[in-house]
Amino acid sequence: MHEVIICEKPKSAEKIAQALSSKAKKMKYNKKLTYWEINEDGKKTNVLSAVGHLYSLTPTNQNEKVYFDLNWAPIYEIQKNKNYIKDYIYSIKKFSKGADKFIHACDYDIEGTLIGFNALKYACGEDSIAKTSRMKFSTLTKKDIMDAYENMIDLDINQVNSGIARHILDFYFGVNISRALMKSVRTAKSRFLKLSAGRVQTPSLSILVDREKQIQKFVPEPYWLIKAVLEGEIIADHIAGKIFNKEEAEKIFAGCKESDALVDDVKITETIRKPPIPFNLGGLQSESYGVFGFSPKKTQMIAQNLYTEGYTSYPRTSSQKLPASLEFKKIFKQLSGRSLFKDHISKLPQQTKPNEGKKEDAAHPAIHPTGILPEKLSDDEQKVYQLIVFRFISLFAENSKLETMKTLLKIAEEEFVFKRKRVSYLGWLQHYPFRKLEDEFFPNIKKGDLIKVEDVLSEEKETKPPARYNEASLIKELEKRELGTKATRADIIAKLYDREYISGKKIEVNQLGISIIETLKEYCKDLTSEELTRQFEKELQGIMADKITKDKVIGEAKKEVLSILGDIEDSENKIGEGIYNAYQESLILGKCACGGNLIIRYSPKTKSHFVGCSNYPDCNIIYSLPKGANVLKSTCEKCGLPMISFGKPKQRACLDPKCGKDSTKTHDSEIVGTCPDCHSDLLKRSGRYGDFVGCSSFPKCRFTCSVEELKDLKTK
């Protein structure tokens, strides 16, 4: 008997092999790739690993105008930097030959299911599918792995088909429409511009552009806040709040002068705060961003690593529920092996039922610790791990209680109010150190008391535009609008940053991103439509539920893509011109001293970006950009040029490295020109054999020439 187990990643394969047998042997293929072999009771088991997706979609005919005819090909044939994947495919092919049984043990979600299915179909052979069973687990603990192995289920073909359809739809929309947009620029301007659009990416960008326009169109309106400064460091607010009538504000302000405050009413109320609910992926990403400032993608990667190591459960879940079958007492017992957690666990009440949320996920429970204690984690991994553990502990704790003191005052017949809050009973808050505790002082006052008014203030303010999204709030917005999936939203946002459509922690849409959405909304609205994206998302879910076929969904997608491509083709020149002009505008950083524009340019020779004048060659002003530098919106106070940030830790500096220095000398060497390789200053230096010219960026750039050669260089 020969069985083959296909796992998603090498670490998963290690965990599964060691859980199934203490006699599992670690083997090497091609002297570098690890696989596992178990020989027991006359049965041979090979535990083999993929490394994420081994196969990807590619057009059958690259010369087709529109790519609809697709096939699955090894990724190393499509992406030349993925040559290492060849060994994983070859090892699966070799060690699965003649196998009697196949076991799909990749992560139990759409992507994991598709990874394993393609490995089976294309590496092991299509006949392997009929011999395949599925392991379903939510943690890589020995108990869960053994349960999944002993209670295998059938391969869910509907889940497979949903995954295939999702990849095909993303290819149809993403690749075909991106190509059409790039072609429009090439047709209109004879220029190449790398652009991307997508089924979920473009509606997501559209949400950000809508917010950007709201901010740009916002007209601030003045209002006034009347405050009374009372004895005992008490600040009371006029009960009207924002007062938009200046005369009314002045009247109230004047009337409250020279008067004491009469306490009209004092109410102290107690509010019960239930423990938080378990983390799903979106909740973990949001909390991690708020507490540590980690991007959603970073949190997702860390959570995936913690799962793969066996410390926490599967992270890509929508669930906010924890079933009793997880054996909470056992997890607590294991976690108590660390004093940091034991101190909290020992103070929990005897109840064993956690507080839960409403959302469910048929595939996986909410994120929770397995009880296995990490031996060594990076600082960032430690932070996310403790966040998950303390959240888990706090679910089982008592309610917290919050007291609120609301005091109504009268000052010269005008009503004022002040509120104070304090936690009266910690409850679960003592087990969750990531929340700020309210601890305000309650003054000892009662109805009828007079309090001295030390001052009355009238503060003029302006209404503020809608807040910008950050990565965490955008994830919540996408989830609310049912755009994307729990596993893809962070990647979508990261792609918008990579394409430089957006920038900043408080997300600002750049001119190119705005122009793309404006252009698409004018000429092909369907691509920016949330409704279309949502409808396809529901149909992909419908494939899993066996309510609609994969072929029907793909057929509908093909029609929509053809319609969008037709709209782009009908207005190709206008679309291309609009996008390219916006791109050019997005590169302008400011004005050059000659009156031209300072523009970000790219040097194919040095493969680096630099800043040059649009009036070149009449103006040869050039500023080099350090690798990975970001140009900021702020400008230098001395010269007015843009500021840049670069390096780790981040440093801020003027775009002109000579700003504030003698503009004709650097390190006592005369500046005699600009380096043709990296655009830094060329300096006249003295050496053993006389004067020569060298680059100021030495040793990074080693350009040198003689003084005579410099004259020829300038002539050229």
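**Entry 1: a strand pair and its sheet**

I started with strand E8 (residues 132–134) and E9, which pair in the antiparallel sense over 2 bridges. Two strands count as paired if DSSP finds at least two bridges between them. The names come from DSSP runs, numbered from the N terminus: helices (H or I) have at least four residues and strands (E) at least two. I noted that strands of a sheet pair through backbone hydrogen bonds, either parallel or antiparallel. Across from Asp 154 in E9 I found Ser 133.

Before going on, I wrote down that this is a predicted model, where local features need pLDDT of at least 70, side-chain atom pairs count only at pLDDT 80 or more, and totals for chains, interfaces and linings use all residues. Residues are numbered from 1 along each chain as its sequence is written, and side-chain values use heavy atoms, with hydrogens and water left out.

Which strands make up the open sheet, and in what order? I read off 7 strands, in the order E2-E3-E4-E1-E7-E8-E9, with mixed pairing. At the edges sit strand E2 (25–29) and strand E9 (153–154), each pairing on one side only. Contact means heavy atoms within 4.5 Å.

I checked pLDDT next, the predictor's confidence in each residue, from 0 to 100. The chain has a mean pLDDT of 90, and 95% of its residues reach 70 or more. Over residues 662–668, though, pLDDT stays under 50, and the model has 8 contacts beyond four places in sequence for them.

**Entry 2: salt bridges**

I counted a salt bridge when a side-chain nitrogen of Lys or Arg is within 4 Å of a carboxyl oxygen of Asp or Glu. The whole structure has 33 salt bridges.

I picked out Arg 316 and Asp 109, whose side chains meet in one at 3.4 Å, N to O. Arg 316 is in the loop between helix H10 (296–308) and helix H11 (328–335), and Asp 109 is in the loop between strand E7 (101–104) and helix H4 (110–124), so the pair ties together parts 207 residues apart in sequence. Are Arg 316 and Asp 109 buried or exposed? Both are buried. For me, buried means under 20% relative accessible area, exposed over 50%, and partly exposed in between, using a 1.4 Å probe and protein chains only.

Glu 327 and Lys 143 came next, with their closest N and O atoms 3.7 Å apart in a salt bridge. Glu 327 belongs to the loop between H10 and H11 and Lys 143 to helix H5 (residues 142–150), so this pair joins parts that are 184 residues apart in sequence. Glu 327 is partly exposed at 36% relative accessibility, and Lys 143 is partly exposed at 33%.

I also looked up Glu 537 and Arg 166, which form a salt bridge at 2.7 Å, N to O. Glu 537 is in helix H17 (residues 530–544) and Arg 166 in helix H6 (residues 157–189), 371 residues apart. Both of these residues are buried.

Finally, I found a network of salt bridges that links Glu 477, Lys 480, Arg 481, Glu 530, Glu 531 and Arg 534.

Asn 280 is in the loop between strand E12 (261–273) and helix H9 (281–292). Its relative accessibility is 5%, so Asn 280 counts as buried. What does Asn 280 touch, not counting residues up to four places away in sequence? I listed Thr 317, Ser 318, Ser 319, Gln 320, Lys 359, Ile 367 and Glu 479. The C-alpha atoms of Asn 280 and Ile 367 are 5.8 Å apart, although 87 residues separate the two along the chain.

**Entry 3: aromatic rings**

I ended with a ring cluster: ring pairs link Phe 292, Phe 294, Tyr 311, Phe 341, Tyr 385, Phe 390, Trp 428, Tyr 432 and Phe 434. Rings of Phe, Tyr and Trp (its six-membered ring) pair if their centres lie within 6.5 Å; planes under 30 degrees apart count as stacked, over 60 as edge-to-face and the rest as tilted. The structure holds 21 aromatic pairs.
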